[in-house]
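Subject: Structure handover and notes

Hello,

Here is the structure I said I would pass on. My notes follow below it.

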Amino acid sequence: MNIYVYGTGCGAGDLTDEALPASRVEAFVEREGGGLFLGRPVISPEVLAGRDFDLLIVASRETERIARELEELGIDPGKVFYLKNHLVPVDRNRDETPAARALGKDYVNQVRASERLIRIPLWTKRERIEGEGADNDYVRLKTLEAICMRLESVPGAAAELGVYRGGFARWINLLLPERRLYLFDTFKGFDAAESTDFGTGFTQAHRNTAAEGVLSVMPHPERIEIRKGLFPQTAVGLEGERFALVSLDVDLEESTLRGLRFFLPRMCEGGYLLLHDYLNPKLPGVKRALERYEAEAGRVRAVPLCDVNGTLVISV
Ligand SMILES: C[S@@+](CC[C@H](N)C(=O)[O-])C[C@H]1O[C@@H](n2cnc3c(N)ncnc32)[C@H](O)[C@@H]1O
């Protein structure tokens, strides 16, 4: 089978680790083609449109944008399988037979089983979260919006530890345009000493970023302070800072624990810390880190979300 994969981020990394070795991928597709990912060429959607292929697996969360783009390029929707289709209200998959042949029926069923239709809440300010990336984990984004509405009287800065390409940070910056937003990341992936038991796709995908690219997608870049390097060294000098909102998304146990130890004692009353992946079965270190923190500092007040990766909302 002649297979292409749209995306060179975490979705594509997971796919190649779990179901489709990169050696079976003809090429990866990104808006800006060029270079290699996992040893395979990266081509643009326009180049793909000129090729003959059996299956295009969309491993990006930008389902709506990509669906429109492929339609404009005249690509047969019957040859496209959207792995992240469960994040949006519209089911775009027409025929999953080619995907089941390539990835195995079990894998496809597992992806399809998590598909749910979403009811749009009445209170929602839809115009604020829309456009590119808005179909990236709906429940998490709408919870962030609701939380930001409660922060009006809470002082303090915002921060994200674990920024990657800025997918979530961008919404924090949009929803809290007046706040300073600290962005902590190595911007070159995980600390090798800490991330020994992850697949190549997962590890390589997280190296695929840069601080300049992250800044360029921020709606209010003047409010951003990039803290590049390994946390917690990058927090030196911020001991006196206070926070209203923190997103903690580093996937690994020790870094999560360091994040909890630094940020929770510095949260303002009424603030929130969003602990991403708390219920993610693939990243059990996150839950262990919170258990270790609670053993040291006492139980936190928190509500788990039913978003894609099981975020825990810690309320201070
Ligand atoms: C899952 S990604 C973050 C995803 C991001 N929040 C988003 O919206 O797409 C995890 C990130 O944590 C970063 N990271 C992990 N441990 C770190 C540490 N100790 N210091 C700085 N960055 C770290 C990695 O470089 C990686 O970019």
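What covers the buried residues of helix 8? Helix 1 (10-18) is part of that cover. Before the details, please note that this is a predicted model.

Helix 8 runs over residues 200-207, and its buried residues are G201, Q204, A205 and H206. As a general point, an α-helix has 3.6 residues a turn, so residues three or four places apart point the same way.

Helix 1 is mostly covered, with 7 of its 9 residues buried. Those residues are C10, G11, A12, G13, L15, T16 and D17. Helix 8 is included in their cover, along with strand 1 (3-6), strand 2 (25-29) and strand 5 (55-58).

The protein chain has 11 helices and 13 strands. Its radius of gyration is 20 Å, close to the 20 Å that the globule rule gives for 316 residues, so the chain is as compact as a globular protein of that length. Along the principal axes, the C-alpha trace spans about 60 × 45 × 35 Å. Of the 316 residues, 40% count as buried. Among contacts with a separation of 6 or more, 67% are between residues 24 or more positions apart.

**Domains**

The domain assignment gives domain 1 as 3-113 and domain 2 as 138-315. Taken over C-alpha atoms, the centres of domain 1 and domain 2 are separated by 28 Å. Domain 1 puts 10 residues into the contact and domain 2 puts in 11 residues. On the side of domain 1 that touches domain 2 there are 4 nonpolar, 4 polar and 2 charged residues.

An open sheet is formed by 6 strands in the order 3-4-2-1-5-6, with mixed pairing. Strand 3 (36-37) and strand 6 (80-82) are the edge strands, each pairing on one side only. Strand 3 runs antiparallel to strand 4 (residues 40-43), and 2 bridges join them. F37 has R40 in strand 4 as its bridge partner.

**Strands 11, 12 and 13**

Strand 13 (residues 312-315) pairs with strand 11 (residues 267-275) in the antiparallel sense, over 4 bridges. In this region L275 stands opposite L312 of strand 13. Strand 12 and strand 13 also run antiparallel, joined by 3 bridges. Here A302 stands opposite I314 of strand 13.

**V300**

V300 is in the loop between helix 11 (285-297) and strand 12 (302-304). Leaving aside neighbours within four places in sequence, V300 is in contact with E294 and I314. I314 is also the residue of strand 13 that A302 stands opposite.

**R179**

R179 lies in the loop between helix 7 (169-175) and strand 8 (181-185). R179 is buried because 21 other C-beta atoms lie within 10 Å. Not counting residues up to four places away in sequence, R179 touches A157, A158, R223 and A244. The C-alpha atoms of R179 and A159 are separated by 9.6 Å, and the two residues are 20 residues apart along the chain.

**Ligand surroundings**

Which residues are the closest to the ligand? They are G162, Y164, G167, F168 and F231, out of 20 residues that surround the ligand. By class, this shell has 9 nonpolar, 6 polar and 5 charged residues.

Regards

Notes:
Residues numbered from 1 in each chain as written. Predicted model: local features only at pLDDT ≥ 70, side-chain atom pairs only at ≥ 80, totals over all residues. Domains from an automatic or database assignment. Contact = placed C-beta atoms within 7 Å. Nonpolar A, V, L, I, M, F, W, Y, C, P; charged D, E, K, R; others polar. Buried ≥ 20, exposed ≤ 12 C-beta atoms within 10 Å, placed from the backbone. Rg over C-alpha atoms; globule rule 2.2 N^0.38 Å. Near = placed C-beta within 6 Å. Pairing = 2+ DSSP bridges.
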